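The following exercises concern a single protein model. Please inspect the sequence and the coordinates before working through the solutions.

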Amino acid sequence: MFPPWPLLHTTVFTLTAFQALASDTFIAAIYEHAVILPDATGEPVSTDDALALMNKNMDVLEEAIKEAAKQGAHIIVTPEDGIYGWRFTRETLYPYLEDIPDPSVNWTPCTDPTRFAPAPVQKRLSCMARNNSIYVVANIGDKKPCNSSDPSCPSDGRYQYNTDVVFDPEGKLVARYHKYNLFMSETQFNYPKKPEAITFETPFGKFGIFTCFDVLFHEPAVVLVSELQVDTVLFPTAWMNVLPFLTAVEFHSAWAMGMRVNFLAANTHHTNLSMTGSGIYAPEGARTYYYNMKTEDGHLLLAELDSHPRLSPTSPPAVNWTLYASSIQRFSQNDHEFEGLIFHDLFIFTELIKPEGNATVCQKELCCHLGYKMAGKRDDEVYVLGAFDGLHVVEGQYYLQICTLLKCKSTDLKTCGQSVEVAQTEFEMFSLSGTFGTNYVFPEVLYSGIELASGEFEVLNDGRLISKTRPTKPVITVTLFGRWYEKD
């Protein structure tokens, strides 16, 4: 059955206009926000007081959105918890929540604010997008009523979801995502009944969205990239940095490289909780990033990205992560192997005694191979090669395979794996590989001072992470961080 002529005409015109607007590149923006937090209280505040707090944060976000649009940005991502913060119980969060409809209702809150339940936050975000002709991505809270006919309905008769929303340049709600992998402290929220894989089309590529802790899991993160083939992932986060592998800028950059996708990561800024580190990342490395543990300022970043990074000539090739490591003989062993903990995981380490050479360390099925050359071996710094192959079970349960070259906190080997931010040892080269059982491996290189080694390393298609040139700064860690989702 054919649609009536006016509808057919509108559809054809829309597709034609969409194609005409299509671009090979776009300008992305993220804003790292120093959130204004509510007072700690055991009792719920009024909805007016909740809205007043949220408006203070949205005042700051609106200025960032205006500036991003002024500089030509097509889309801006703001952080998780960026509008109301945290410090909530389930009850005290409730006044901050709104009922967020499914985007299929075709709603523009800025021009039709009374169509559904009161939604002043959605209205204001919609108007920010519409007034500045920019896609706006924000994190807010959704509430949904339920009743006793639903066996999983909470006792208070409602679901509460950690929720991302996206408004297009006309102010229309085009995406809504309920966070699926809640961090252990997020007891104020409910899990959605099943994971959501949320995508939407733009004139500059296909976008997907998820939140913070989701990035470590197969659903929805891998599904969006590997199965739904999004070009760009939007990532509101409230990330607490954990050295040596899970500092925001290093892991998020590595994830973009490992998944061969654009990644727009906007972090909350709160140094007392080690929250900082935002960036705009492409498959070949960071386009721009920000890490600041010294001040409490917000920060706006902009960068140009390829709309379809897999088609870009600079996109890294697909990698066989075990090819090289499985084809060589084990490098020489020594008597310097020992055990040590990194973020509660028991690694096998071997100390790098000489200023250059090769080393191997194995745990279970994973053997890690390293070739390296230091510019000079220092007596006051110790480096080790480490391997971990096992299930991580602290703040979540997920299976890891990790090969790492890292600096120990001191010359005492018991400190290997503890947080280190500064190093003095300079390397002339490094080459790291491992016998991974997974194709999902994320390459990290972190320099002294928590700086990325953008453009100074590469991953060969046989699975070797190598320095392209002599590293320009001392190394904190060189790591291949593998996630074996099937063994979770």
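Two residues are in contact when heavy atoms of theirs lie within 4.5 Å. The model is a predicted one.

**Exercise 1.** Determine where the residues that UniProt marks as "active site" are placed, and examine the surroundings of Lys-179 and Cys-212.

*Solution.*

Step 1. An unreviewed UniProt entry assigns the feature "active site" to Glu-80, Lys-179 and Cys-212. Although these residues span 133 residues in sequence, no two of their C-alpha atoms are more than 10.4 Å apart, so they gather at one spot.

Step 2. Lys-179 belongs to the loop between β5 (173-178) and β6 (198-202), whereas Cys-212 lies in the loop between β7 (205-209) and α5 (218-227).

Step 3. Buried means under 20% relative accessible area. Lys-179, at 1% relative accessibility, therefore counts as buried, and so does Cys-212, at 8%.

Step 4. Beyond neighbours within four places in sequence, the contacts of Lys-179 include Glu-80, Asn-162 and Cys-212. Under that same exclusion, Cys-212 is in contact with residues including Glu-80, Lys-179 and Trp-239. The side chains of Lys-179 and Glu-80 also make a polar contact (3.0 Å).

**Exercise 2.** Describe the open sheet of 5 strands and the pairing of β16 with β19.

*Solution.*

Step 1. The strand order is β15-β16-β19-β23-β22, with antiparallel pairing. At the edges are β15 (356-363) and β22 (457-459), each pairing on one side only. From one strand to the next, the twist averages 15°.

Step 2. Antiparallel strands β16 (residues 366-374) and β19 (residues 427-434) are joined by 7 bridges. Cys-368 has Gly-434 in β19 as its bridge partner.

Key:
Residues numbered from 1 in each chain as written. Predicted model: local features only at pLDDT ≥ 70, side-chain atom pairs only at ≥ 80, totals over all residues. Heavy atoms only, no water. Pairing = 2+ DSSP bridges. Helix = DSSP H or I, 4+ residues; strand = E, 2+ residues; numbered from the N terminus. Axes fitted to C-alpha atoms, helices over the stretch in contact; angles between N-to-C directions. UniProt positions renumbered as here; feature names shortened; annotations may be inferred. Buried < 20%, exposed > 50% of the residue type's maximum accessible area, 1.4 Å probe, protein only. Polar contact = N/O pair within 3.5 Å; in protein donor to acceptor, adjacent residues only side chain to side chain.
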